[in-house]
Amino acid sequence: NKVPDWYIDSCKKIKYMFPKAHAAAYAISSLRIAWFKVYYPEEYYCAYFTIRADEFDGDNMCGGLARAKMRRKELFDGFLNRKPTEKAQYYLCELVEEMFARGIEFLPYAILESDADHFLKKGKGKILPPLNAIPTISTAIAQSICEARAQGPFKTRDELLRRSGIGPTAMAKLVSTGCLDHLPESSQIDLFSLM
């Protein structure tokens, strides 16, 4: 068939043809991902956001549909000149919008339930974001909070500070999210609370 000798020699050395096998593997992987996205949407979004946690900005993406849309539009302006992390945030905002359109929403952060670094499915259409999705709360800080929480529930914010070893900046950010609203500042009783 007039096939050059170098090509036949290459085929004897290379036991499988990379382009075809690689393309087939990608196609199979894409089909599997699409199947999970259709039939197990909460689990799909939890896994996707957990893997992309470094780019996930909880202030904008967990703040509701309007806030995610606004952030995506901000990132679209000058998109080609944006940093890679900002481009990744743009695509995450698109996915958050899609998630909301499918009737799935984020629950508020919960100091007693949120995982350190994994998004959790909490029933049909509900996803609980992890503590490290809160900007300025690193994975290490989130893990120290979860380790302290495993020893028993926190009774006050002072106890949370002491047991977890987090700093005042992290504490202020936790307070701003509302996940500590149920905890009193300290165990000391003030005169005004008795009246």
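I count a residue as exposed when its relative accessible area is over 50%. I am working from a predicted model.

**Entry 1: Lys 2**

Lys 2 has a relative accessible area of 84%, so I log Lys 2 as exposed. I looked up where Lys 2 sits: in the segment before helix 1, which runs 5-13. Then I checked its backbone. The phi of Lys 2 is positive, about 60 degrees, and Lys 2 is not a glycine. I note the background: most residues other than glycine have a negative phi.

**Entry 2: Thr 136**

I looked at another positive phi. Thr 136 has a phi near 80 degrees, and Thr 136 is a residue other than glycine. I placed Thr 136 in the loop between strand 3 and helix 7 (139-150). Its relative accessible area is 55%, so Thr 136 is exposed.

In what order do the 3 strands of the open sheet run? I read the order as 1-3-2, with mixed pairing. Strand 1 (105-106) and strand 2 (120-121) stand at the edges. Each has a single partner strand, so one side of each is left without a neighbour in the sheet. I then followed strand 1 across to strand 3 (residues 126-128). The two run parallel and are joined by 2 bridges. For Glu 105, I found the bridge partner in strand 3 to be Lys 126.

**Entry 3: helix 5**

Helix 5 covers residues 65-76, 12 residues in all. From first C-alpha to last, helix 5 reaches 17 Å, close to the 16 Å expected at 1.5 Å a residue. Which residues of helix 5 are buried? I list Ala 68, Arg 71, Arg 72 and Leu 75.

**Entry 4: helix 9**

I repeated the check on helix 9 (168-177). Its buried residues include Ala 170, Met 171, Lys 173 and Leu 174. They span an arc of only 160 degrees around the axis, which puts them on the same side of helix 9. Pro 168, Thr 169 and Ser 176 are exposed on the other side of helix 9.

**Entry 5: the largest pocket**

I moved on to the largest pocket. About 160 Å³ of space lies in the largest pocket. By class, I record 6 nonpolar, 4 polar and 3 charged residues in the lining.

**Entry 6: Arg 163**

Last, I looked up Arg 163. Arg 163 belongs to helix 8, residues 157-164. Is Arg 163 buried, partly exposed or exposed? With a relative accessible area of 22%, Arg 163 is partly exposed. Buried would need a value under 20%. I also checked Arg 163 against Arg 149. The two are 14 residues apart in sequence. In space, their C-alpha atoms are 8.5 Å apart.

Note on methods: Residues are numbered from 1 along each chain as its sequence is written. This is a predicted model: local features need pLDDT of at least 70, side-chain atom pairs count only at pLDDT 80 or more; totals for chains, interfaces and linings use all residues. Side-chain values use heavy atoms; hydrogens and water are left out. On a 1 Å grid over the protein atoms alone, a cavity is a set of points where a 1.4 Å probe fits but cannot get out, and a pocket is an open set with protein on both sides within 12 Å along at least five of seven lines; lining residues have an atom within 4 Å of a point. Grid points are joined across faces, edges and corners, and a volume is the space filled by probe spheres set on the points. Helices (H or I, at least four residues) and strands (E, at least two) are DSSP runs, numbered from the N terminus. Ala, Val, Leu, Ile, Met, Phe, Trp, Tyr, Cys and Pro count as nonpolar, Asp, Glu, Lys and Arg as charged, and the others, Gly among them, as polar. Two strands pair if DSSP finds at least two bridges between them. The expected span of a helix is 1.5 Å times one less than its number of residues. Buried means under 20% relative accessible area, exposed over 50%, partly exposed in between (1.4 Å probe, protein chains only). The arc is that of the directions from the helix axis to the C-beta atoms.
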